[in-house]
Structure formats: structure tokens, C-alpha cells
Amino acid sequence: MHNTSSSQPPEPQKPLISLTAVSKHYQLGKIAVPALRNVDLDIERGAFVALWGPSGSGKSSLLNLIGLVDMPSSGRVRLDGQDTAGLDDAARAGLRNRAIGFVFQGFNLIPVLSALENVMLPLTIRGSTRKLARQAAEQRLAEVGLVDFSHHRPDQLSGGQRQRVAIARALVTDPLIVVADEPTANLDANTGHQVIALMRELNQKQGVTFLFSTHDPRLIDAVDKLIRLADGQIETAPEAPHATAALHTEGALS
Amino acid sequence: MIALTLALRNLWKNRRRSLATLLAIAIGFAAINLFAGYIHNVYNGLRVSAMHGEGLGHLTIARRGFFEEGSLKPERFVFSRDELARLTGLLQQQSDITVISPRLSVSGLVSNGKLSTIFIAEGEDPDAANRMWRRGIGLPKLDATKPNAGLVSKKLAAMLGAEPGSDLVTFTSTLAGQTNALDLEMLKAWDTGTAATNDKSLRLPLSYVQRLLDTEGATRVVLLFKDGVDADAARASLAPKLKAAGFDVDIKTWVELSNFYRQVKNLFDLIFMFLFSIVFIVVLMSIVNTLSMSVMERVREIGTLRALGMRRRGIVSIFAVEGATLGALGCLIGIVISVALGTGITAGQFTYTPPSSSSPVPLSIAILPATLASTLALLSVVSMIAACWPARRAAHIEIVDALGHV
């Protein structure tokens, strides 16, 4: 099971994610509070990209727009060349299911489902047969090292294990991109390190594109590309941190 | 499938709350079905009492206008002996008619020699009457060999101090307006079942009433059909045949003639609708309340499912299935309660005296599979509809807000 994007020849002229002049305002009473201002951003296939910035800088807003769970106030969001502006709710849901994997800070596993059922969930929603969903989920659980915990409920798993289940769930549909909002924020240092290593391994071995927001310096050290946000704008041009640039020169940098 | 899995597991997860909702539905369900079973037996008892006890059969045939003016001017509406013979002959060709009973009503005074009091009486052919009453409802029989003997209602017999074999006298006016009196031997006393008639009723042979009224005819012909025949359908089939034979008649069903049955049925139907409405609202509000709480607690879960690609209708279906499951399970528990209580109450052989009744009747509750099934289906659908409101609210929560919900 590999990322579909990795089996096709990359098209350098067509980034996986492309944001053009994207702004997002939230309405607080009568006041429009800007969260993102005129953001232009491209993310290439196979990238391992971090969004970094202080609280309120617009990281989550940007992830929400790229994850198609929110709509921009203005500007264009393109996913794999497709403009998402004209899609209705059902079409956006279908596109999220097919193309995007989510990893949440709070894991967001369904408490009444086992680890295996949680991983099967995106395929079940898609309408895959139970047999196919189960096979794919078992394979992904094996990849994150939790095959022995298939039948455990989330409350029977540690934080690190829950986040591994969440990663397996994000990957089970072979998405074009995995969007992760502060994936290590609720984990202790050691577990966080293991989760970072797992994501990096999946990125390198399977070419899965990862985009995540983080405050975690260990995670920032591991990325190919760091996008700094401040006051809803990209502060500096994308760059590869010194610590990782030498290690990942073959990585899919933009 | 995922909707059912999530519904069942969430119901189990919140089992204390689910149980409270289930019991509300189950008790409501049982209340509806126990009452339906009770009034079913009441209606059945009243039907048997009206058709066989009161002797209304299925249909009553009389000359047109009799039912409006017959009690004031009975002489105008008498079928002559020849007409009766022709009518009876025609009716005997109908194989589904089991009893053909010509009738003649009379009222007047009855006396024991010392005390006189009013009576109302029905004159009927003893054989036909005895077959009409065959339904094991405890009525004594007229004696075809004793043309001057009749049955006296219990309270009237008590008032007159009469016992079986006692001699009484009846007084009335003939149809021509002459005063007339006849000796009457009391056969037995019988309970009419209603306090209003138990102190003034007689059942007499038709020939006795004919002599008392000085006529050879009858004003009505009562028909009893085979079991299961619908009175309205029987009338619809019979009316054109009688018209074709030259009889200008009105035909009334037993329901139309039994005011008491109609009044009791209307009252109980009203009470049933009232009870059903209350249960309907209780079930609706229980489901809405339970699922609203469930939605509030699962906002993040809803956001997660939406982020993973579930459409709004998928979210609606999760809560709709949860509501329907609660409804169906509640009804299943309700079936158990209904059957257990209904059977227990009937087996307990309790009795009570209904208003205007002259004697206690058994309290029995019928178990009605068709009513149980239709209530189950209806309350399940109500539960599903009740679930739709919180479900639609859940489906329209913005994903970003839901994911950020704590």
C-alpha cells in the first residue's frame, strides 16, 4: 500500500496544494477578525512540511483550509490542480475522504470503536466492503506497530498508541496529503519523538506528503520545509532548517 | 451498517440514560396496549350483549319510517301475517342467515295483584329467541310450549315479589286502542345487564304480545347472520333484494340501534386517543432529549466523522438509527410488560361494576398481536422522526467548530 501520488511521475509544474491570495476572516459579533491575510503557498508531493508560529498566527486556519474543512473568505485553494471553491458540501466530503488524511492534536478516535474499526472508518464511510477495509486497516495498524492492539478501545490505549492509530487511520485511504494539527502536543517527550520518527519514516519510505502545525522544536528539526506564520501571513520564504537540510537533500523539497 | 454499530454502542455506553428512555417508551407502549386490550374486550362484551343479549342480531328490518315514528304509531308499521310470511320466505333463501326473528314491542303495566308497575317487553318467537341467545351469556330460555309464560328482569321480579311459576297480569292498549289484559306466568328472572332496564323488562313469546296487541303481525324482523359476517356488508347485499321484492323497508345494523354501545365506544375511543397522544408526546420528548444530550456530548466525534468524509446525511442517519433503535427496543420491552401484565390481570379474575351496569363484570385484557405490531412500528417511526431534529442540528455543525469543541 503506497501513496497513489508516489506511483505516478511527479509534475513539478503542478503542486499538490496551491493557495493563491487566500484570506480568512472570522466574524466575532460585528467585528471581522483576520486569521489569514493574502497567503500564497505551494506544497509539493512527498514533502514533510511544518507550519510554525505563535498562537493565533493562523496555523490552524491554514490547515483547516488545506484540509477542506473550512472555506476561505477570499482566494483560491487548489488540491492536485482542482479548484475547490465550487464544490458543494457533499463533494468536499468526498474529496476529503479520498485525498486527505487527518491527525488531530487530541487524537479524535471514536471512543466506541476498536483501534481496527477506527482505522477502517474512512473506508467504511467511503462504502468499501468490510473485507477490503479490514485488510487495509490491518496493514496500516501493522505499519504503526499496533497489530496486537487491534481490538483495544481508545481508552485502553496510551496517548502514543492512540496517535499511532490516528496516523494509521489517516493513511488507510492512501491520501494525497496528511494534515496534522499539533500531532505531538499531547504526548510526552519520548512518545512524541516516536510519533515524529514514524511520520518521517512513512514520508520517506512511502512518499506520503505530511503537513502539520507544531510548536515542537524536535519536529521542526525533522522537517524538509518550515513555513513561519505571524499575524496571518507567511513571515519568511520557505526554507529547510540547517539541522535537517543535510539529512534530507533527496527529500521532495519545494 | 456503521450507523447501526455506532448507535448500538453509544446506547450501551450511556446505558443508564438509555435505560431511562427505554423505560419511558416501554411504559407508554404498555399503557397503550393494555388499554387497547381492555377496551377490545369491553367492545366485544358489549357487542355480544347487544347482538345476543339485547337480541339486536346483525340487522333489523322494519317498514320505512318505523325507526322514527314507530313508537308513537306502531299500528302504521306492522307487517301483516302474509307480508311476514313472504319476507321470511325470501330471507330463508339467504344461506348466511342463521336466525330470522319477527318482533313486536309492547309497553304497559304488569301487576302481581297488589302492586302494578310499568314494563317494556319484546315479543319474539321462542325458538328464534333461544337461538339468538345461544352464546352462553347466561340467559334463561323462553318455553315454546308455554305461550303465556315469559322472563322477568331481576329487579322487576324483586319489586313484584315474583318467583318462577308466579302468576302476573299485563295490561296495555291494543293497536286499535282498546284496553287489554293477559295472564302471565313467570318462567325465570334474568339480569338485563343495565340498571336502566333491569327494573322494567319482560321477554315474551311473540304470540303472547300479538294477543296483547290484538294483531297477527310484527313490526320488525331481526336477523342474525353467521359468525364473522359484517353487518354493513350484509345490509348492502340484502337491501337491493328486498327492494326488488317490493318491500319498502329501512334496515338498521346493531351498532346503529345500540346507543349504549356507541356511547361507550365513543367515550373509550376518546380516552384512547388522549392516552395515545400523551404517550406520543412522551416518546417524542424522551427521544429528542436523549439524542440532544448525545449530540452535545459527541460534537467532536461528529466533527471528526465529517472531516473523515462522512456526508451530512450520514450524520443524520447515525442519530436517526439511534432514535429508531431506542424506539424499537423500548417497544420490545413494552411488549414483554404488556403480555405479562395483561395475562396476569386476566388470570387474576378481578371484577368491577361499570357505570350503569347491574352486575360486576370480569376485568380482562386481550393481548392483540396486530395492535402490538402496529404500535411497535408507529412508535419506532415516531422515534426516528423525533431523532431527526437533533440529528439535523448535528449534521449542520461547522466542522471547524466541532473539531474545536471541548
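Chain B has a radius of gyration of 31 Å, whereas a compact globule of 406 residues would have one near 22 Å; the radius is taken over C-alpha atoms, and the globule rule is 2.2 Å times the number of residues to the power 0.38. The structure is a predicted model, in which local features need pLDDT of at least 70, side-chain atom pairs count only at pLDDT 80 or more, and totals for chains, interfaces and linings use all residues. Residues are numbered from 1 along each chain as its sequence is written, and chains are lettered from A and ligands numbered from 1 in the order in which they are written.

Along its principal axes, the C-alpha trace of chain B spans about 100 × 50 × 30 Å. The chain contains 14 helices and 11 strands, where helices (H or I, at least four residues) and strands (E, at least two) are DSSP runs numbered from the N terminus. Of the 406 residues of chain B, 41% are buried; a residue is buried if 20 or more other C-beta atoms, placed from the backbone, lie within 10 Å of its own, exposed if 12 or fewer do, and partly exposed in between. Contacts are assigned to two residues whose C-beta atoms, placed from the backbone, lie within 7 Å. Among contacts in chain B between residues at least 6 apart in sequence, 80% join residues at least 24 apart.

Helix α10 of chain B covers residues 259–297. At 1.5 Å a residue, its 39 residues should span 57 Å, in agreement with the 57 Å between its end C-alpha atoms; the expected span is 1.5 Å times one less than the number of residues. The buried residues of α10(B) are B:Tyr261, B:Val279, B:Val283, B:Ser286, B:Ile287, B:Thr290, B:Leu291, B:Ser294 and B:Val295. An α-helix has 3.6 residues a turn, so residues three or four places apart point the same way. The cover over the buried residues of α10(B) includes α1, α2 (15–53), α9 (254–257), α12 and α13 (369–395) of chain B.

Strand β1 of chain B (residues 59–63) is mostly covered, with 4 of its 5 residues buried. Strands are taken to pair if DSSP finds at least two bridges between them. β1(B) runs antiparallel to strand β9 (residues 249–253) of chain B, to which 5 bridges join it, and B:Arg63 lies opposite B:Val249 in β9(B). A further pairing, also antiparallel, joins β1(B) to strand β8 (residues 220–225) of chain B through 4 bridges; here B:Ala62 lies opposite B:Arg220 in β8(B).

Chain A comprises 9 helices and 10 strands. Buried residues make up 49% of its 254 residues, and 70% of its contacts with a separation of 6 or more are between residues 24 or more positions apart. In chain A, 4 strands form an open antiparallel sheet in the order β2-β1-β4-β5. β2 (31–43) and β5 (82–83) of chain A stand at the edges with a single partner strand each, so one side of each is left without a neighbour in the sheet. Strand β4 (residues 74–79) of chain A and β5(A) are linked by 2 bridges in the antiparallel sense, and A:Arg78 is placed opposite A:Asp83 in β5(A).

Strand β8 of chain A (residues 209–214) is mostly covered, with 6 of its 6 residues buried. A:Thr209, A:Leu211 and A:Ser213 point one way from β8(A), and A:Phe210, A:Phe212 and A:Thr214 point the other way. β8(A) pairs in the parallel sense with strand β3 (residues 48–52) of chain A over 5 bridges, with A:Ala50 opposite A:Phe212. Strand β7 (residues 177–181) of chain A is likewise parallel to β8(A) and joined to it by 5 bridges, with A:Asp181 opposite A:Ser213. Together with helix α7 (residues 189–206) of chain A, β7(A) and β8(A) make a right-handed β-α-β unit; a crossover is right-handed if, with the strands pointing away from the viewer, the path from the first strand over the helix to the second runs clockwise.

Helix α2 of chain A (residues 59–66) is also mostly covered, as 8 of its 8 residues are buried. Just after α2(A), A:Leu68 adopts a positive phi of about 60°.

Between the two chains, 19 residues of chain B are in contact with 20 residues of chain A. On the side of chain B that touches chain A, α1 (2–13), α11 (299–307), α12 (312–347) and α14 (399–403) of chain B each supply at least two residues. The residues of this side divide into 8 nonpolar, 4 polar and 7 charged, where Ala, Val, Leu, Ile, Met, Phe, Trp, Tyr, Cys and Pro count as nonpolar, Asp, Glu, Lys and Arg as charged, and the others, Gly among them, as polar.
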